[in-house]
Amino acid sequence: MSEREACGALARRNAVAKVGAGILLSLLLLVAVDPVTPLVALVLELLVVPFAGVGYGLLLRRSWPLLVGAVSVFVITVLFGAPSGSPVAALGPFEITSDALVAGLGFAVRLLALALPGILAFATTGATELADALIQQVRVPARFAIGALAAFRLVPLLMAEWRTLTLARRARGIDAGANPFARLRLFAGTAFALLVGAIRRGTRLAVAMEARGFDAGVPRTVARPVSFTLADALVVAGAVAIVAVSMLVSVGTGTFAPLW
Amino acid sequence: MTARGFGWRYAGRRAWAVRDLDLTIGAGERVLLLGASGAGKSTVLAAFAGLLADDSGERAGTVSVGGRDPREARAEVGMLFQDPQTSLVLERSGDDVAFGLENHGVPTAEIWSRVDSALAEVGFPYPRERPTHALSGGEQQRLALAGALVMRPGLLLLDEPTANLDPLGADLVRTLLKGLTGQTMVLVEHRVAEAVPLVDRVIVISPDGVLADGDPERVFAAHGADLAAQGVWVPGATGGAPRRAMRPRGDTLLRADGVGFRHRGSTVPVPYGIDLEIAEGEVLAVRGPNGAGKSTLALLLGGLLRPTHGDVTATAALAGGDARTPPWRWRAATLAGHIGSVFQSPEHQFVTSRVRDEIALGGVPAETVDDLLTRLRLERLAEANPWTLSGGEARRLSVATALARAPGLLVLDEPTFGQDRRTWWELIELTARLRDDGRGIVVVTHDGDLVDVLADRELHL
């Protein structure tokens, strides 16, 4: 989420509204364990995608690990689920039943419907925007939010450092070959060196922030005021609406099954 | 700004970083703070910036800025650090400049006009939305300076602001500093010759107070030789004759044919199409601006990266039977026996907790270890932890570790970076001797003096 990839209607909305709507949507969907509620929600979510200013291509790029997860959940449930219902086909030692198919599909759809709002929220939200909104709307202390933001900036530096440390060990004549214990030891040693380097960097950054008055003791002002507008409220309302419609459909078709 | 009998001892240290320091710097003065490494220069700057926390050490005497405790005068003091990567806080350039204004409670309505004028003052060539990670080192340092100037500080403290930059970036920052008017400026800088034109007063300190103080010409005339002996870079020549190869180059050791490397996620290979040969008994210097792929080339020649384009091949003169496969395929132990690589930051290569163990790593015989400890003046530190060494000592140790397995080829990445004059000459002498022993040496460097004094050939990327 370090950099906002999308620019569109949703990208301009308050970060807290987006993340809040995403969490709300996911939590409410947890209540229903039938396959119809998440299926309807997923369809509605996908319909909202273009209005969010997120292309389906970008969405696919962001969510391919999730799709892999959903397919695995489906396959595992179908192959190893409790054998009940009418047999549909046989795959070697596995008997595939209609109940297992429905359950597998249900799990997969549920996973997608739960995760998609979060992906949308973070694809349209920059880290800076989120920190700004957290400070201004949720009253998260700036010390924490800006500190986390600054630390976040060090991540790519540490990744480059890890590569350098790995090469430096090879240059010193150290490699692990195929021995798993040697590998583990080498990994631990490199990780320790990375940690020492990270602490040094973090300290330097903290000093630089202090020199710029991060702990000045006067009330902080904000360079980027963030407001919570009607449109932001509509984002949250939209999330609630999606859940409501999904549940109405599943109740109406007589398939709704609550968690308890 | 004044210091009266100021002293500071970091918690857990026996020696004072600095003590008995008395100095007064008037408004508008431009001062170069000099001293051998370990003289306490950075500590003095940190004290004036109000960055020495009471719980991190012991204090003696007083420092004040405009008659006040520096911790209360922080809004009037701007500070620029050595490494811009760890001084920038936010993702977008404009937001980063605004950071100090937010912290000091400047009203939102005022913030952006002040950000824009600070960016204009440093000649920042991009819009405020420019991501800070997309800037070069020199541009990042300019942005960091804008972040300091935006507070309109009366006092500007600069801690080696050009040390991490390539010559082009360093020039950019120095030009900018020269053009600044109105601020009192205190500068700590290693390479004095470049810094002198920026100042009108030089103060030389040691851990025991002020050694010399006055206008640059007089200070260097009176104390130049002393300072040079202590390792301070004084203006003028490097102070020694070039070291040329004693005999003609021998057999070729390593060959690069059309070598290039494309980093993951990037579309163009950098460097690309490099052809070179390196032979016994010669020093090849590789130069070029930051981002030209010098360090990557060092890794490719050192057998640490597999080239994505072209081939790096060792000759039998370097590696005997191992030369049948390219260096990047060799096991690490084989590689270290044929090619020694010394990285830019010595700490990256330390893997043990004792200097002696560091050299002995991989079964190096005790006589060789003792010999190297003596040759590189590390005997006294044999039991020390490598992480506690000073910059010069750590550099000497990293060279010693590369030499321990007697490789025929050495690849050095910025070996003289940040070194004082004394260590600089030691490294030059050592490299010249290794060349005369018949080793091939590749030096990747920005250091023009090193190239003038030592290199037999030069490759410009």
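Lys and Arg count as positive here and Asp and Glu as negative, with His and the chain ends not counted. The place of a charge is taken as NZ of Lys, CZ of Arg, CG of Asp or CD of Glu.

This is a predicted model, in which local features need pLDDT of at least 70, side-chain atom pairs count only at pLDDT 80 or more, and totals for chains, interfaces and linings use all residues. Residues are numbered from 1 along each chain as its sequence is written, chains are lettered from A and ligands numbered from 1 in the order in which they are written, and side-chain values use heavy atoms, with hydrogens and water left out.

**View 1. Charges and outline of chain B.** Chain B carries 49 positive and 60 negative side chains, and the centres of these two sets sit 3 Å apart. Its C-alpha atoms fill a box of roughly 70 × 50 × 40 Å along the principal axes. Of the 461 residues in chain B, 56% are buried (under 20% relative accessible area with a 1.4 Å probe, protein chains only; exposed is over 50%, partly exposed in between).

**View 2. Helix α2 of chain B, tucked in.** Helices here are DSSP runs of H or I with at least four residues, strands are E runs of at least two, and both are numbered from the N terminus. Since 11 of the 11 residues of α2(B) are buried, the helix is largely enclosed by the rest of the structure. Its buried residues pack against α5 (127-136), α6 (142-153) and α8 (180-211) of chain A, along with α3 (108-121) and α4 (137-149) of chain B. Just past α2(B), B:G105 takes a positive phi of about 70 degrees.

**View 3. Zooming in on B:E102.** This glutamate belongs to helix α2 (residues 93-103) of chain B. With 3% relative accessibility, B:E102 counts as buried. Leaving aside residues up to four places away in sequence, B:E102 touches A:R220, A:T221, A:V222, A:A223, A:R224 and B:I111 (contact means heavy atoms within 4.5 Å).

View 4. pLDDT is the predictor's confidence in each residue, from 0 to 100. Chain A has a mean pLDDT of 87, with 97% of its residues at 70 or more; for chain B the mean is 90, and 99% reach 70 or more. Over residues 1-5 of chain A, though, pLDDT stays under 50, and the model has 22 contacts for them beyond four places in sequence. Where pLDDT is low, the predicted coordinates should not be read in detail. For the complex, the predictor gives an ipTM of 0.86 and a pTM of 0.83.
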